[in-house]
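Here are some brief notes for a colleague going through this model. Please read them with the structure open.

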Amino acid sequence: MLQDIFKPNRVVAEIGGKEVIFESGRMANQAHGAVWMQCGGTVVLVTVCSQPLEFDKGFFPLTVEYSEKMYAAGRIPGSFFRREIGRPSERETLVSRLIDRPIRPLFPKGLNEDVQVLASVISADQANESDVLALTGASAALMVSPLPFEGPVAGGRIGLLNGQFVLNPSFEQQEQSDLNIIFAASRHALTMVEGDARFLSEDVIIEALEWGRKEIQPLVDAQHKLCELCGKGKMPFTQPKADSAFVARVHDLAKDAGIEQALLLPDKLPRKDARKTVKMRVMEALKADAAVAGNVEALKSVADIVGDLEKKLVRARIVNEGTRLDGRDVKSVRPIQIQTGVLPRAHGSALFCRGETKSLVITTLGSTTDEQRMDSLTGDVTKRFMLHYNFPPYCVGEVKPVRVSRREIGHGALAEKSLRPVLPPDTDFPFTLRIVAETMESNGSSSMAAVCGGSLSLMDAGVPVSAPVAGVAMGLIKEGDKFIVLTDILGEEDALGDMDFKIAGTADGVTGVQMDIKIVGLTTDIMRVAMQQAREARVHILGEMARALAAPRKALSRFAPQHAEILVNPDIIRLIIGPGGKNIKAITAATGASVDIEDSGRVSIFAPTAEALEKAREMVAYYDQRPELGKNYTAKVRKVLEIGAIVEVLPNVEALVHVSQLDVSRVEQPGDVARLGEDMLVKVIEINGDRIRASRKAVLLEEQGRPWSPEETARQPRFDRGERGGADRHDRGGRDRRGRNDRS
């Protein structure tokens, strides 16, 4: 039976004074789950499809793709092909991660399905954000689908305007907000947090999240109602259970092979090798048993069984003894080592080491022409600050294809948000800034090492940041009602724990947060403990950073671009640029400088050296000169008139040489002395606003030793209505004021 497209299943929820519409049944009905999400004029279509796996891939193959269609905002894509093709934009990648992170833990472990979630922005009203709609829509589409899903969850954005929290602020409000946090929450707990703040306290962040969780509950209710209207029956699913006797045997073999001793090794690589040896010994023992050797499925499960045992042992040690893998207590930060000015030719660099995590971070300064330009639903967007985080395979001793992953884009975006609030305003520091964080070695918290190293490299480059920024990753071990928060987690503690909560900021407050959890939700009590421990750790790290570099260097690196700004008459901008950009290209070619010109007449010059800067400044100033009274100029004859000649004494500055001033003797025809295109040495004898008079006669008299004084100007013919200092004033349409053709 065909669905009537004019009667879709619809549920409306109101949050933050806005209506959010959930619809299903109008479009994409062959998908296993599809929901139309609308707020104002912004619409996101979210679909879910799944298919059984042919074989166990060893992980849950969930794919989430968020895309923005340019037609949604009435725009045509700026790509060569004029269509949305190629790899996703950075924003699309980041929003895909925002959707993936809260829904992935809500699928049951062992689900043998390949799942794809597609969220497409098909209408954008430039007021209501699409990312939070897509997040909520993904949960709603999964709820109405046959897939087992422990939802629903809903997404929202929290702003802070004039001391008041705002739910899902508009684009304009976000610009003025001191807080910009996207979160996902279930009925009772938070499941994901990401955002930035302007030096807000931990208490304000917690209060905002608790407020936001309560405000979005209508979206949770709406998903339940939608399920009642059109939800499909859930597919049968039984949690796979391993043979308890086989599991016990593997555990015994692993303990006999020294798994507990292996987990006591404090260093990552020796511990990794010892664990690998244990697994090999277990496999050898099982393969030697004829009853097990032929059971391929059982042997494939050995790695997971040993991994589960490791998880139990590590967590039990932390809960019972308060001791972690590397021997630290739960609140200690790993030893920190810092070196600044590592790279001799970079504008700024720092090597930040925390335990076995090491990040080499480099800052490069550029001109405004180095800004990143991006196509988006809101129009062309430019960025003057970029942070790129790299995680090459050698940093963990692996061999993998080298490409930019979603994880790298996400970690770079978090570090960028965390550092942006301390940067000087563009008006005071007009450079384009790019930071690259190269992860040299990794054992957890490499993104926060990028924040710390990025702050240090900015200061090493001489960028006048308002304060240093540090970051730390917090973990969680939750057993029943008991929980333990871990400070500065290792990579294995991230994998074996229940939370990865990254918090960055200055001594005054938080600037960036990101939280992912592997349990159903996170309570406010746990968040409060985590943020308090994070603040203590952050203050400690800032102290270590201050020992290496307490403040920005007083001067920029000598290898950084040199910058100067000059103001010119807006009327001569076209001259500086020249026909087809000829003049500005010549300046760039001669000096290597980048010249940016604003319509107001403000000219920014970025040059590689001080010498090049001065030369570029002189070349620009050449086009903005003013004539001086009594000074001689080599002028070019631009027009010959009956009353004299129009000469160009300076670029775009013309003067009248009256026929009486062309020679010491009487001149009958100006063309006998002044020839079009030839040079003529003249003296400026009168400046009256934009009217300038010059004299060749004065120069000739001086050459003959006969002084000529300005008083003689008074005895010369004055300007009349047809004698004005400019070609367009003397001759309009190629004729003089009496309508006769120029003699030239």
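This is a predicted model: local features need pLDDT of at least 70, side-chain atom pairs count only at pLDDT 80 or more; totals for chains, interfaces and linings use all residues.

1. The annotated stretch. UniProt, in an unreviewed entry, lists residues 630-704 as "domain: S1 motif".

2. A hairpin. Strand β28 (residues 679-688) runs antiparallel to β29, joined by five bridges. Asn 688 faces Arg 691 in β29. Two residues sit between the strands, and Gly 689 has a positive phi near 65°. Strand β29 (residues 691-695) is mostly covered, with four of its five residues buried.

3. Aromatic pairs. The count is seven. One of them is Tyr 389 with Phe 391, stacked at 6.4 Å centre to centre with 20° between the planes. Tyr 389 counts as buried because its relative accessibility is 3%, under the 20% cut-off. Another pair, Phe 431 and Phe 606, is edge-to-face: 5.4 Å centre to centre, 75° between the planes. This pair links distant parts of the chain, 175 residues apart. Phe 431 is in the loop between α12 (406-419) and β17 (432-441), while Phe 606 is in strand β24 (residues 602-607). Both Phe 431 and Phe 606 are buried.

4. Cluster and charges. Phe 60, Phe 107 and Phe 149 form one aromatic cluster. Arg 407 lies over the face of Phe 391, 4.3 Å from the ring centre. Arg 26 lies over the face of Trp 36, at 4.3 Å from the ring centre.

Terms used: Residues are numbered from 1 along each chain as its sequence is written. Side-chain values use heavy atoms; hydrogens and water are left out. UniProt positions are given in the numbering used here, feature names are shortened, and annotations may be inferred rather than shown by experiment. Buried means under 20% relative accessible area, exposed over 50%, partly exposed in between (1.4 Å probe, protein chains only). Two strands pair if DSSP finds at least two bridges between them. Rings of Phe, Tyr and Trp (its six-membered ring) pair if their centres lie within 6.5 Å; planes under 30 degrees apart count as stacked, over 60 as edge-to-face and the rest as tilted. A charge sits over a ring if NZ of Lys or CZ of Arg is within 6 Å of the ring centre and within 35 degrees of the ring normal.
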